[in-house]
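I opened the notebook to look up a few features of this model.

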Amino acid sequence: MQTLTKLTKNDIIKSLVSFIAGTAGLYVLIVLMILLNAGASGFSEYFVKNQQALLTVAVSIAVLEAMLYCYFFFENKFVLSRFSKTTEIFLIFYVGFIFAFVMKYIDPLAQLARPIAFVALMCATMFRRRDAIFINTIFSLTVLTVDRFTDITGIANEHIYYASLLCSFCAGMVAVFVFDSIKTRIQSVLLAFILLIPVEVINCIIIIPVGIGQYTVSQIFDILIFGALSCILSVMLYMFILPLFEMLFAEMTVFRLRELTSDSAKLIKKLKENAPGTYSHSVVVAQLVEACAKSIGEDAELARAAAFYHDVGKLKGPEMFAENQTEYNFHDDITPELSVDIIRSHARNGAQLIKKSRLPEFFADVAVQHHGTMPIKYFYYKALKMSDGELNIENYSYSGPVPESKIAALIMIADSSEAATRTLPDRSPEKVEAFVRTLIEERLDLGQFENCNITMRELTIVKSTIVNQLTGVYHSRVAYPKLTVSKKK
């Protein structure tokens, strides 16, 4: 998740309009549920009879949504700056809201089978942890408000309403905090058994004791079964809805990122087949960047995935890049100016290819930014030798822009460090450390990190991490004795 320190006036207007429209959508859903339950004939009568309660619901929901807007305004302006993010929030609300009240029509106790953790799971996947907690809290209070004051089904079991609130809040909290350890879709299914614990505890403490004498033994078993079903439905609905959100909003969930970095992913497969040297380089860079991202608290999964795609532009003429060449170098037969055009075009070509493949836009940003405006020294020096006068180094540099995110900066450092370390005759930790430090200092001097807010402390951590990783990848080996062993007869 990116950060944003200031919203433009246009952003504020758009975000306010989206929140007002989203809140209006909740009102529409409540009206539709009343209409479906009361029927066309009893619709007007219901509204006349419950004017005060419905006014309370309308004001409460408006206040809750206003609190949600204020939270994002002060804590995460990035969400308000993107219409797609606010749309996601309300779509998640609508899905959770519809399923919460569909269960009420089935049976008085069936509302205990609501997919109460669905909203928390969706938000934990697509927002920051604290965002997910706050959204889940607002959703839980919204459902309680509608439960308590509309009484659409005519069954006023307040202890069930408050138990439902606690279940929704507690199961949601568990889902949010456990989610970081969920790395595969199968693990998400197993999450249902973890969610079962707080739900059944709350049902046993609040609902069953209050209902002693009111519920039969069969209904008590139903309460426990509905509690388990609630957790299962939460995960099933999450697994079904999440791919739709990934597709509609190009969300970079941990599951999607892992799918995009598998060998079966279209561009990765092409890279492996047509540019094996670039693929090998990208794998090592991904390993370096993942370690660096973890060390400074960035999204390691996103950094790893972006690193896999940073050089896909080399698929257009892979033989023009050193790591894919054998003995013949095409650049020996062309001018330095043409070589520079070919080399620097891979950043732009990569961004275009990523967008054409409908991959996350962040990957395209990294592809075009990972060299920033750095000079392509080899061909600049070659051109200097062939000319009599001075040359404008900008004509022999990448077109930029410079990295605009910390992950792009990490990939810039890891990319150049990995490629350059291959050329070192001595790859001892001391030599690699000095070399990486020089690379980072050079990029600092050339202003490559001015737009990504990376700190000197973080750069020091990154340097140490890369040195440790590279000395592990390119460690020295024991020389094998020149001995031929023949098969025993």
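How much space lies in the second largest pocket? I read about 1,000 Å³ for the second largest pocket. I took a pocket as an open set of points on a 1 Å grid over the protein atoms alone where a 1.4 Å probe fits, with protein on both sides within 12 Å along at least five of seven lines. The volume is the space filled by probe spheres set on the points, and grid points are joined across faces, edges and corners.

I noted that this is a predicted model, in which local features need pLDDT of at least 70 and side-chain atom pairs count only at pLDDT 80 or more, while totals for chains, interfaces and linings use all residues. Residues are numbered from 1 along each chain as its sequence is written, and side-chain values use heavy atoms, with hydrogens and water left out.

I listed 33 lining residues for the second largest pocket, and the closest to its centre are Ile343, His371, Ile376, Tyr398 and Ala419. A lining residue has an atom within 4 Å of a point. I found that α14 (336-356), α16 (377-386), α17 (406-421) and α18 (429-445) each give two or more residues to this lining. The largest share, six residues, is from α17. Helices are DSSP runs (H or I, at least four residues), numbered from the N terminus. I sorted the lining into 15 nonpolar, nine polar and nine charged residues. Asp, Glu, Lys and Arg count as charged; Ala, Val, Leu, Ile, Met, Phe, Trp, Tyr, Cys and Pro as nonpolar; the others, Gly among them, as polar.

**Cysteines**

I looked for disulfides (cysteine sulfur atoms within 2.5 Å) and the structure holds zero. Cys167 is buried at 4% relative accessible area, and Cys170 is partly exposed at 27%. Buried means under 20%, exposed over 50%, partly exposed in between (1.4 Å probe, protein chains only).

**Rings**

I counted 18 aromatic pairs. Rings of Phe, Tyr and Trp (its six-membered ring) pair if their centres lie within 6.5 Å; planes under 30 degrees apart are stacked, over 60 edge-to-face, the rest tilted. I checked Tyr328 and Phe330: the centres are 4.8 Å apart and the planes at 70°, so the pair is edge-to-face. Tyr328 is partly exposed at 44% relative accessibility, as is Phe330 at 32%.
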